[in-house]
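The sequence and the structure are shown first, and notes grouped by topic follow.

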Amino acid sequence: MKSRLDRLTQQRRQKLDRIRGRDINPYPHRYHRSHTTQQAIALLNQQEDSGKKEVPAVNIAGRIMANRAMGKVSFLDICDSSGKIQLYFRNDLLGEESYKLLKDIDIGDIIGASGKLFRTKTGEPTLEVENFTLLAKSLQPLPEKWHGLSDIDKRYRQRYLDLIANTEVKEIFQRHSQIITAIRQFLNQRGFLEVETPVLQPSAGGALARPFITHHHTLDQDFYLRIAPELHLKRLIIGGLDKVYELGRIFRNEGISTKHNPEFTMLESYEAYTDYNDVMNMVEEMVSEISRQVLGTDKVEFGGNIINFKSPWQRLSLRQAILKYAGINFEQYPDADSLRSEMLKLKMEVDPQKDRGQLIDELISTFVEPNLIQPTFILDYPVEMSPLAKTKPDDEHLVERFEAFAGGMEIANAFPELNDPIEQRQRFLQQQKERQAEGKVVEVIDEDFLLSLEYGMPPTGGLGVGIDRLVMLLTNQPSIREVILFPQLREKL
């Protein structure tokens, strides 16, 4: 026995056959659209405000989202990317044959319509259709009209249906685009140059993360999908491009959660002759300005809290933050074993294979991060957590690094870049040694990057911003999957 979906699909295919039988192409090559739905409504408002009696004529197009047939007249709602408008069809205006075609038109079909704009007695902006064209016949019924598409798994797997059925989802991704544009404008106005660096890299460097590996058949060589563009962007600083940034995709072969996706968008910027204080000031200014430009305010709602991005943001040292929220002064525990013993007192499940830096990171994610709702900079990290950052002049065990948090999650990471090639090599070798001792995959050191450092890199402030998390904050979305158009999902069996 056929399912309801099968019957509906069969009916639509029968309608398609009838349309073709009328010598109508249900998938024409083009259609000239003079206005979007919202431009048409704005034109009508303009005509009414000016007192002109002339009724404007337009050509519009969109997907049918509602159909109300009333004998010799019909009302259809169509939507495009800008919004929706009502269409008014009259049998006597269109003619008998054209009006009959409406019987084979379904919700979900895409049509073009031309005619004059008017306002109904209830005040609804409406197009009185003089002629219309079927632009694409939909063979699958849309999700239920009144319930939209609420199945979360289906929303992510069939994002096109999600965008059709849920207007608010479309608005999120429009905001996403506006945020990216605002970031580019902000950095370009400050003299930064946008660049592109390789996604396929011979060594996985620039961050501590498990990479994805692929193979280039012509070169017969393994490559890594980049875990960060950092080392290539620093090469450009060495080459004399003093302010560079890249907005691009990053790939990390790690866990999936509401805050993590294996493929995500990262902003990385590098500016010569700056330190992490300069970068902090830039981050405050950038996020606040983007919020005002896109949302019209620097106060946003996220997770039931009002977050104020106006500068200055709170600043705490990492030692202060962990002491405040976990009650542990990590500086009193110089090795992994002593710190692990102290963490066990807090009833934490502690991995015996983790080194001191990883244990401190666990303290941050467990105790500190959830408490940082308002924008906060956490400063000065242990050197083993930041192999690419400069140590503090007054404490060789700490580096000048900050992470920015808001809404209980990290959104940015920055530090003055280590530019001593000898010390950089020593840190890479120490990192390799530690990973080998832990039984982890040891990546090959990027010798060309170390060579480039020997030519001299000026003092440089680097910054990384997780764009997807920033979009989460600015659109009040609790999961990263809500702001990535096509998130990674487990394959359906």
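Among contacts in the protein between residues at least 6 apart in sequence, what percentage join residues at least 24 apart? The share is 65%, where contact means heavy atoms within 4.5 Å. The model is predicted, so local features need pLDDT of at least 70 and side-chain atom pairs count only at pLDDT 80 or more, whereas totals for chains, interfaces and linings use all residues. Residues are numbered from 1 along each chain as its sequence is written, and side-chain values use heavy atoms, with hydrogens and water left out.

**Overall composition**

- The protein has 15 helices and 19 strands; these are DSSP runs numbered from the N terminus, with helices (H or I) of at least four residues and strands (E) of at least two.
- Of its 493 residues, 48% count as buried, a term that means under 20% relative accessible area, with exposed being over 50% and partly exposed in between (1.4 Å probe, protein chains only).
- Along the principal axes, the C-alpha atoms fill a box of roughly 85 × 60 × 50 Å.
- The protein exposes about 25200 Å², of which carbon and sulfur atoms supply 49%; accessible areas come from the Shrake-Rupley method with a 1.4 Å probe, and for residues only the protein chains shown count as cover.

**The five-stranded barrel**

- Five strands form a closed barrel in the order S1-S2-S3-S5-S4, with mixed pairing; two strands pair if DSSP finds at least two bridges between them.
- On average, neighbouring strands of this sheet are turned by 55 degrees against each other, direction ignored.
- Strand S1 (residues 57–70) and strand S4 (residues 110–119) run antiparallel and are joined by seven bridges; Val58 has Gly115 in S4 as its bridge partner.
- Ala69 lies in strand S1 and is exposed, with a relative accessible area of 60%.
- From C-alpha to C-alpha, Ala69 and Glu171 are 30 Å apart in space, and they are 102 residues apart in sequence.

**Strand S11 and its partners**

- Strand S11 (residues 263–272) is largely enclosed by the rest of the structure, because nine of its ten residues are buried.
- Strand S10 (residues 243–251) pairs with S11 in the antiparallel sense over nine bridges, and Lys243 stands opposite Glu271 in S11.
- S11 also pairs with strand S19 (residues 460–466), in the antiparallel sense over seven bridges; here Leu267 stands opposite Val465 in S19.

**Helix H8**

- Eight of the nine residues of helix H8 (residues 230–238) are buried, so this helix is largely enclosed by the rest of the structure.
- The buried residues of H8 include Glu230, His232, Lys234 and Arg235 as well as Leu231, Leu233, Ile237 and Ile238.
- Their cover includes strand S7 (200–201), S10, S11, strand S18 (409–416), H14 and S19.

**Helices H13 and H14**

- The axes of helix H13 (residues 421–437) and helix H14 (residues 447–454) come within 9 Å and cross at roughly 160 degrees; axes are lines fitted to C-alpha atoms, for helices over the stretch in contact, and angles run from 0 to 180 degrees between N-to-C directions.
- H13 is therefore roughly antiparallel to H14, a description used for angles over 145 degrees.
- Pro421, Gln424, Arg425 and Phe428 of H13 make the contact with Glu447, Phe449, Leu450, Leu453 and Glu454 of H14.

Note on methods. Parallel < 35°, antiparallel > 145°, perpendicular 65-115°, else oblique.
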